Every structure is written in structure tokens, then in C-alpha cells.
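Hi,

Here is the structure you asked about. Please open it and follow along with the notes below.

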Amino acid sequence: MAKIAVIDIGTNSIHMVLAEIQPDASYKILDRFKDMTRLGNGAFTTHRLSDEAITRGLDVIRNLVTLAKNKGYDRIIAVATSAVREAKNGGDFIDLVAEHTGLTVRVISGTEEARLIFLGVKNNVPMTEQPTISVDVGGGSVELMVGNRDQLLHSKSLKLGAIRLADEFLKRTPPSEGMLRSLEDTVTAQLQSALDSFKTKRFDSLIATSGMAGNLAEVVHLRRTNRPLPQINLATISLKDVKEIEQSLRHSTIKARLAIPGLDPKRVDTLFP
């Protein structure tokens, strides 16, 4: 039986899972840690990771590596996505991580990110031979994946992550009509073009992954039932609910957003985009 730690260095959050792998290759996650480090703050307009973000990221990764080693996990696999992938100084950040922690971080492409996310979905969601569409809303990119229980059929990685969109389009809160229009036009055009490129046109269901989707589900559930969501995995929300939340976030100030039950204060500027 092998013990393995996996670290995911995302644009919005840095995660670590500690897992045990059985001889038959099945696995059990024993512990998970998450820090909303926001490594990508400002990175998409400047094409650089800021010094503050680098310091924050380095601290979090150093702590996670120490934690894993203290718990007897010597095998640590680390991957980085959109923010590090696109920043001009992303390589410097990877070098710093190696220097401070001895960790070799693999920067993965959007296509590889989509493949890995879909494997996660397939392992956690009961699927049939009918195709479903999955969407992972990250801080830097959005992965769209069409697949069924046997395979991934189509995938696309789009530059539509929430931190990126907030940086690019929402220069103030609440945003002006012009900002909203530019944001919607960009999102619609990119999604349309991605969906047009997929051979499959009908989907059995839509599966959303990531912290953004989870927090949206929590807000919707509280609004509907006045109770906290008992568990995020396999929770369902309706399009009508999503549209209602969108409307309340659209014209609200930061203060009003902070008063919305269940809304993670760290997502006060990113949940809307």
C-alpha cells in the first residue's frame, strides 16, 4: 500500500489531498487541505504573478509540504495550472518552490487539466453511456468536458476563469452596464465556439465542479431551505436558482454581497463572474 500526497496549485486555491493507494489501484483520501491563496490576483492583466502572491503561494506550499512529510508522506506530486502557466515569471515561481521545498512542480496544459478533471468526475459521479457535459470553473480557466462512463469525448480549456474575468471586465462593483455587456459577450462567444466544435450536441446532464460551483450550490440551498447544504458532492441546483443568484449579485455592492447567507467572503468579487 502506497501513501501519496498531491498538491494542486491553482489560480484561486491551492489544495492538497493525502491518499492511500491499495494494491488494486483503488484509493482512499484520508485528508484534504485547501487555502484560497489567490495566486492569480492581477496576473491576467499584468501577465505576471505579483510579489505578494508569490510570497503567499510559497508560504502555503511550504506549509503543505511540511505537513505531508510530518504525516509520513514522502511521495508528493504537484501540478500548477492557469496562473503559473501563463505568467511570464511562472518559471521563476516554480524554481523558488523547488529551492524552498525540494518539490518539482509540473505545469500542466489546459487539455491535460480537462482530462484529469474528467477522471475525477467519472470516479465520483454515477454515469451512463449517455454523454454528460462537465464544467470546471477555476480562477484562470474554465474546462468544458463531454464524456460518458467509458471515455472523454471532447474537451476545451477556455480563458474564462473568475479571477481573470473580474480583472479584465469588472473594474468596479457594482459593474456598469457596459462592463456587464462586454463580460457577457466574451463568455457567450467563447462558450458558443467551444460547443459548436463538439460533435455531441445533446447532453444527459450538466455537472459543475470546483469551489465556485460548490459555493453557488451552498448559497442556493440556504436560500431555498434556510438550512446549510449537508454535502456538496451530487447536490443539484436549477437553472432558475442560478439566474436568481446572478440577478442579486449583478447590481449589488460588496457590502450587500457579504450579507448573502452562505456566500464565501473570499469569493465576494469572483462568484458573480
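Predicted model: local features only at pLDDT ≥ 70, side-chain atom pairs only at ≥ 80, totals over all residues.

Glu112 is buried, because its relative accessible area is 18% and the cut-off for buried is under 20%. Arg106 sits at 45%, so Arg106 counts as partly exposed.

Why can such side chains pair at all? Opposite charges can pair when the charged atoms come close.

Next, look at Arg224 and Asp241. Here the salt bridge has an N to O distance of 2.7 Å. The two residues lie 17 residues apart and link distant parts of the chain. Arg224 belongs to helix H8 (residues 211-225), and Asp241 belongs to helix H9 (residues 239-250). Asp241 is buried, at 10% relative accessible area. Arg224 is partly exposed, at 45%.

Now find Lys159. Which residue does Lys159 form a salt bridge with? The partner is Glu86, and the closest N and O atoms are 3.9 Å apart. This pair also joins distant parts of the chain, 73 residues apart. Glu86 is in helix H3 (residues 82-86). Lys159 is in the loop between strand S8 (152-158) and helix H6 (162-169). Both residues are partly exposed: Lys159 has a relative accessibility of 49%, and Glu86 has 27%.

One last point on the salt bridges. Through shared partners, they join Glu86, Lys159 and Arg164 into one network. How many salt bridges does a search of the whole structure find? The search finds 13. Those described above are among them.

Best wishes

Key: Residues numbered from 1 in each chain as written. Heavy atoms only, no water. Salt bridge = Lys/Arg side-chain N within 4 Å of Asp/Glu carboxyl O. Helix = DSSP H or I, 4+ residues; strand = E, 2+ residues; numbered from the N terminus. Buried < 20%, exposed > 50% of the residue type's maximum accessible area, 1.4 Å probe, protein only.
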